[in-house]
Amino acid sequence: MQVVILPTAAEVGRIAAAKVASVIQRRPDAVLGLATGSSPLAIYADLAERVRSGALRVDAVRAFALDEYVGLPLDHPESYHSVIRRTVTKPVGLAPGLVHVPDGAAADLDAAAADYETAIRDAGGVDVQILGIGANGHIGFNEPTSSFASRTRIKTLAPRTRADNARFFASPDDVPRHCVTQGLGTILDARELVLVATGPAKADAVHAMVEGPLSSMCPGSALQLHPHAMVVVDEAAAARL
Ligand code: GLP
């Protein structure tokens, strides 16, 4: 695992985006793995700027998001379908037809999750997976106790995650209780991983991910198993390293 510690959150976004951009430059139809949350927003803003300036072309880039809530209509502003469209697809200029998000509104969620795995495999796998980390160590929505071998499936959100995400909803009760998420096994199949974390609230999770034992209690520690994992953090998130 390569750990890069930088003075500011802005630099974290810039260095992580440079990594993603280099993958796209090498392979114009690269398959990106997309994460939601505030942490990767600086990456998407940086990529959007590179595209605007003509330094990067993304018309052939394909993408698969990590996760989605169960039970929200796809056009709900906080569904990850909407969030990915608003924060990634539109600003970066990805082709909407090439961006995929798990279906949390499917009648048969197990079948939809299995289809998502097949779609990733048929695309040739993910070239570079962008990740954030939850304060409890989750990646995607793989909450503590998730199996390192898990594939895309339905999960129950941890109370801490629901509380952390309540800021996006009118009331804490409105936060969905379930989600569909790529598994840790799915994430580990990506050829490269780039995880970003900033701020003091992530210091414990970053410590457990980087220096703690390999443990399903910190799903992020699965990155220790990956041969090409880059963790980019600011000094606040690195405080316990
Ligand atoms: C969310 C997402 C994760 C994200 C994490 C941290 O619930 N499912 O993919 O990494 O929580 O979010 P943030 O970056 O806003 O702290």
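Predicted model: local features only at pLDDT ≥ 70, side-chain atom pairs only at ≥ 80, totals over all residues.
Strands β4 and β8 (residues 178–181) pair in the antiparallel sense over 3 bridges, where pairing requires at least two bridges found by DSSP between two strands. Strands here are DSSP runs of E of at least two residues, helices are runs of H or I of at least four, and both are numbered from the N terminus. Within this pair, D67 stands opposite T181 in β8. The two strands belong to an open sheet of 3 strands, ordered β4-β8-β7 with antiparallel pairing. Its edges are formed by β4 (67–69) and β7 (153–156), each of which pairs on one side only. From one strand to the next, the twist averages 30°, with axes taken as lines fitted to C-alpha atoms and angles running from 0 to 180 degrees between N-to-C directions.

Residues are numbered from 1 along each chain as its sequence is written. The protein chain averages a pLDDT of 97, and 100% of the residues score at least 70; pLDDT is the predictor's confidence in each residue, on a scale from 0 to 100. The model scores are ipTM 0.95 and pTM 0.97.

An unreviewed UniProt entry lists residues 9–224 as "domain: Glucosamine/galactosamine-6-phosphate isomerase". Over that range the chain is 37% helix and 14% strand, with the end C-alpha atoms 23 Å apart. Under "active site", the unreviewed UniProt entry lists D67, N136, H138 and E143; UniProt positions follow the numbering used here, feature names are shortened, and annotations may be inferred rather than shown by experiment.

Two of these listed residues can be followed into a loop. H138 lies between β6 (128–131) and β7, and E143 is likewise in the loop between β6 and β7. H138 counts as buried because 25 C-beta neighbours lie inside 10 Å. The label applies when 20 or more other C-beta atoms, placed from the backbone, lie within 10 Å of a residue's own; 12 or fewer make it exposed, and counts in between partly exposed. E143 is also buried, as 23 other C-beta atoms lie within 10 Å.

Leaving aside neighbours within four places in sequence, H138 is in contact with E143, P144, T161 and P219. With residues up to four places away again not counted, E143 touches H138, K155, L157, A158 and T161.

Key
Contact = placed C-beta atoms within 7 Å.
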